[in-house]
Amino acid sequence: MKLTYESVIKLREHPIYDSADGKSKNDYFLEMLKEVLVWGLRPAFVTGDSWYSSAANLKTVKNNGLGFMFAVKSNRTVSIQKGDYQQVQSLEIPEEGITVWLRNFGSVRLYRTRLKNELRHYVVYTPHAGSEVSPQVGFNELHLHHWAIEEYHRALKQLCSIERFQVRGKQQVRNHIFASIFGYACLQAKKVSESLSSIYRVKNDALKDAIWDFIKSFSDGKDWLRPSFIRAVNA
């Protein structure tokens with residue numbers, strides 16, 4: 001991957017997403033990775049969900065000297081013994097993980113977690129050490145960072161409506177995304193300043209107050225809106 005200042009300038013001219021580009025999520029992932037590296041950032045690890053764990057993406061991360069932890073789908077095939085490939089969901093995976101050969105990539109460390117009744121699988125690669133990441137402690141720390149990013153994106157969607165907008169112009173879309181991220185930052189600041197347990201509580205409390213104020217102001221003098229019950233009478 002050739003990294004140049006000119007390539008960054010070109011990337012920044014692109015809209016956040018434009019179907020006319022004919023690019024997939026993986027194309028955008030590789031472009032974002034390229035841009036970050038041009039900035040001079042050298043992340044110890046790159047993480048993502050199973051959508052981005054294609055062999056081509058993993059090889060690109062590896063070739064740039066970076067480690068990774070990616071989720072993989074349950075039907076992804078790996079080999080413990082050479083030439084004998086199995087789906088990860090069919091394997092017995094100890095808590096400390098297991099070293100496997102990922103098809104079309106190479107040696108990685110495979111882990112399994114459980115979220116409620118759902119099993120999730122992750123592959124970890126460490127630069128210059130291959131799959132020899134510190135078995136359980138190293139994975140737990142990586143997974144904690146991975147999950148924090150997951151929660152961030154979930155909150156942007158559920159609390160800040162980043163996906164819900166009625167505009168089509170490029171600048172208007174950018175403005176909406178900026179406003180959503182700014183709103184997320186405000187929720188986090190309020191959570192910290194008021195020592196609240198969750199930013200979800202911040203939003204819920206604000207909504208409760210707003211709804212109650214509306215009900216009080218709107219229903220004033222409108223007793224006829226109050227539900228009333230009439231006793232049934234047998235004819």
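Which residues do ring pairs link into a cluster?

1. Ring pairs join F29, Y52, F68, F70, F105 and Y125 into a cluster. The model is a predicted one, and the remarks below apply to it as such. In total, the structure holds ten aromatic pairs.

2. One of the pairs is F68 with F105: the ring centres are 5.5 Å apart and the planes stand at 70 degrees, so the pair is edge-to-face. The cut-off behind that label is over 60 degrees. This pair links distant parts of the chain, since F68 is in strand β2 (residues 67-72) while F105 is in the loop between β5 (98-102) and β6 (106-115), 37 residues apart. Both F68 and F105 are buried.

3. F68 also pairs with Y125. Here the ring centres are again 5.5 Å apart, but the planes are at 25 degrees, so this pair is stacked; the limit for that class is under 30 degrees. The pair again links distant parts of the chain, with F68 in strand β2, Y125 in strand β7 (residues 118-125), and 57 residues apart. F68 has a relative accessible area of 0%, so F68 is buried. Y125 is buried as well, with a relative accessible area of 9%.

4. Two charged side chains lie over ring faces. K23 sits over the face of Y28, at 5.9 Å from the ring centre. The cut-off for such a contact is within 6 Å. R103 lies over the face of Y85, at 3.9 Å from the ring centre.

5. How many salt bridges does the count come to? The count is three salt bridges. K23, already named for its place over Y28, forms one of them with E31, the closest N and O atoms being 2.6 Å apart. E31 has 19% relative accessibility and therefore counts as buried, the limit being under 20%. K23 is partly exposed, with a relative accessible area of 23%.

6. In another salt bridge, the side chains of R120 and E118 meet at 3.8 Å, N to O; the distance criterion is within 4 Å. R120 is partly exposed at 22% relative accessibility, and E118 is partly exposed with a relative accessible area of 41%.

7. K190 and E194 also meet through their side chains in a salt bridge, at 2.5 Å, N to O. K190 counts as partly exposed at 37% relative accessibility. E194 is partly exposed too, with a relative accessible area of 40%.

8. Helix α5 (residues 170-193) has 24 residues, which at 1.5 Å a residue should span 34 Å; the end C-alpha atoms are 35 Å apart, which agrees. Within α5, V173, H176, I177, S180, Y184 and L187 are buried. An α-helix has 3.6 residues a turn, so residues three or four places apart point the same way. Just after α5, S195 takes a positive phi of about 55 degrees.

9. Is F214 buried or exposed? F214 counts as exposed, at 51% relative accessibility, against a cut-off of over 50%. F214 is in helix α6 (residues 199-219). Together with L207, I211, W212, I215 and F218, F214 forms a nonpolar patch on the surface, with about 630 Å² of accessible area together.

Conventions. Residues numbered from 1 in each chain as written. Predicted model: local features only at pLDDT ≥ 70, side-chain atom pairs only at ≥ 80, totals over all residues. Heavy atoms only, no water. Phe/Tyr/Trp six-rings, centres within 6.5 Å; stacked < 30°, edge-to-face > 60°. Helix = DSSP H or I, 4+ residues; strand = E, 2+ residues; numbered from the N terminus. Buried < 20%, exposed > 50% of the residue type's maximum accessible area, 1.4 Å probe, protein only. Lys NZ or Arg CZ within 6 Å of the ring centre and 35° of its normal. Patch = residues over 30% accessible without salt bridge, like charges linked within 9 Å, V, L, I, M, F, W, Y side chains within 5 Å. Areas by Shrake-Rupley, 256 points an atom, 1.4 Å probe, with all protein chains shown as cover. Expected span 1.5 Å × (residues − 1).
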